[in-house]
Amino acid sequence: MIRKRVALLCLALAVSGCSTGGEVEEQPHGYVAGAQEMPEAQVAMAYAARGARQLSVLDLATESEGQVGLSVGARTLVEDGRFVYAGDGDRTVEIVDTGVWTVDHTDHVHYYRAPARTLGTVTLEAPLATVIGSEAHTAIGTTDGRITVLDRRQLEAGTVTEVSTIDSGSNSALAVPYAGKLLVAVGDRRDQPANRIVAMGADGQESGSFRTPCESPRGAAVLRGGVVIACADSVVRVKLDKEVLTAEVLDSPVSPVAPTGFGHRPRSNEAAVAGEGGIWAVNASKATLRHLPAGGRDLVAAVSPADGRTVLALDGSGTLISYDLESGRTIAEARLKAATVTLDVNRAYVSEPEAKVIHEIDYQDKLRTARTLRASQQPDLAVEVGR
Amino acid sequence: MRRLLAVLVLLAGGVTGCTVADEARIVVTTNILGDVVSRIAGDQAEVTVLMKPNADPHSFAISAREANTMQTADLVVYNGLGLEEGVLRHVESARSEGVPVVEVGAKVEPIEYREGDAAGTADPHFWTDPARVGTAVRVLADEIVAHVDGVDAAVVRERAAAYGKELSDLDAELAARFGRIPDDRRVLVTNHHVFGYLAGRYDLRVIGAVLPSGTTLASPSASDLASLVTAVQDHGVRAIFADTAQPARLAEVLAEEAGLNVRVVGLYSESLSEADGEAASYLAMMRFNAEAIIGGLSG
């Protein structure tokens, strides 16, 4: 026994050159050289004035701010927890690594910090429509119904690498990276919206027999208990169950479901979407969909704190409203001129471009303003990262 | 330079490096157990500790070379009970290569977590009880003698007995000192989840509390502090033992918002410090924590 191990050691030493140098460090999930593990989430707001060639990254714990220069004028911002995708309103997207992120190990979480920097741009064949980044991939949809898939692990390493381009066969452009695959909205006519969701590999080849109807897909969120995709008259919950993708169609009591996109916090189980028709609140683990009429108010966005009790929404005038999920009653209102709303497990953040501030709102305490953070440029566009 | 040298060694015949295998070698995962094993083994074996000072035992990772070292060791020692997620598969592959492997936590009568998401699962943090570490020392001495070729059994047992005496002295000292604190003040309000064994040994009560984070501390409301304030008021404690990035700010907020005058005391929980730090060895870590807790509860 001992002799055998000695022989093994000789072999290993010969292969590795008996050296302590030049070794390959094995990296844990989420590890990036130069990043520091932190005791708590490094939450930050990434924001820009419309058209600005600069992204401001405001640390919400220390209130210190850094700037990342952009080569495009930002017209849209999308975040995936770590990377911010700044669209120029046309065919170019610049990808910024904000340097703050969280790695989910299901029963516990790790928090990291590294320097913020731009990773460069991607130029697309048609104007940008959707961006969804999660785990291994980022799927960028364009108005011609095509999806450009990026290797998100390569983004973590600092390189922008295209994996494939997928043709949805429709004028929808929505793909959600999930469970190592992509859930892609596809259709049969290039001038019509997609009508179903299928699973594909990152190479764009359809994989397995997964397929679920979804008329005119309009937004998606990756939650703990699966992916939710909003369709014209339903929300579909797709979940990996014992290595098999399963779909559950949650019919909407009121149609059409608003096309404004889900608001949620990462690693939670609830998401919400709002529009003229009210609020749709979905719970992914319970596979339930609830509709709140919201008194017929003209709402433009919603976001779920995932506490099972409340949902927040912004109306057309920029007022923030907190609703009781059960009764639909208004709990509190904050009369602001807000343009954006986002939240984490502790606070919500609302940007008010005209006043050049970002309000920190305690959504568990009647929308109390906890802090008002001064912005260095007008926060027309604002997203939260590091959550 | 080192790389150059390695190439030369390879050219010279490749087998030069194999003299290492004649030495008795023990690989230990955590730095706390690493210190314990080193005290037992002394110069009888080369002890390799995988986890660096001030690291997280749940998530630390090892290099390919270190993984290889495990597969060729005479003995692999790990804490187990779910602690070392990052290196567990390397432990398992060493075991499957026929390397003797000892899961220390499983051999010291582990307790289960009583509350929270993990209730009912084994608590791996047995080292907060020095008596259990004493048991671990006896187990480890037996394992070293049985599996590590070339060690002098008498020397190992003598060293283990001497270290065991230091542990029982520490245990007796802590029992006496904690015993002098009145019953109703032997309460640890904390967000650390590692002190269940310490509490069991010295008759302390652990009251878990949620600590507000950086952004909530900036402008907290009553609900942000509720869990902590309730724990402090219910038990009338003057100190909380907290794993937090901003201990001073937390104390300030508790004073301002809730009128509570408490000290926020940091403890070493799952890792030793650097060699020149306050908790460079297991015994130093235990003494540091005991002083801090006794000071906090008596203050």
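**Notebook: a glycine, a helix and some strands**

I started with B:Gly86, which sits in the loop between strand E3 (75–78) and helix H4 (88–96) of chain B. Helices (H or I, at least four residues) and strands (E, at least two) are DSSP runs, numbered from the N terminus. I'm working on a predicted model, where local features need pLDDT of at least 70 and side-chain atom pairs count only at pLDDT 80 or more, while totals for chains, interfaces and linings use all residues. Residues are numbered from 1 along each chain as its sequence is written, and chains are lettered from A and ligands numbered from 1 in the order in which they are written.

Is B:Gly86 buried or exposed? B:Gly86 is buried, because 23 other C-beta atoms lie within 10 Å. (Buried takes 20 or more other C-beta atoms within 10 Å of the residue's own, exposed 12 or fewer, partly exposed falls in between, and C-beta atoms are placed from the backbone.) I also looked up B:His58: its C-alpha is 6.2 Å from that of B:Gly86, though they are 28 residues apart along the chain.

Next I went to helix H9 (residues 222–235) of chain B. H9(B) has 14 residues and spans 19 Å from first C-alpha to last, close to the 20 Å expected at 1.5 Å a residue. (The expected span is 1.5 Å times one less than the number of residues.) I found a kink of about 40° in H9(B), centred on B:Leu228. (The bend is the angle between axes fitted to the seven residues ending at a residue and the seven starting there.) B:Leu228 is also buried, along with B:Asp224, B:Leu225 and B:Val232. Residues three or four places apart in an α-helix point the same way, because there are 3.6 residues a turn. After H9(B) comes B:Gly236, with a positive phi near 55°.

Then chain A. How many residues of strand E16 (residues 181–186) are buried? I count 6 of 6 in E16(A). In a regular strand the side chains alternate between the two faces of the sheet. In E16(A), A:Lys181, A:Leu183 and A:Ala185 are buried on one side, and A:Leu182, A:Val184 and A:Val186 on the other.

I checked the neighbours too. E16(A) runs antiparallel to strand E15 (residues 175–178) of chain A, with 4 bridges, and A:Val176 has A:Leu183 as its bridge partner. (Strands pair if DSSP finds at least two bridges between them.) The E15(A)–E16(A) hairpin has 2 residues between the strands, and A:Ala179 there takes a positive phi near 50°. Strand E17 (residues 196–200) of chain A is joined to E16(A) by 5 bridges, again antiparallel, and A:Ala185 stands opposite A:Ile197.
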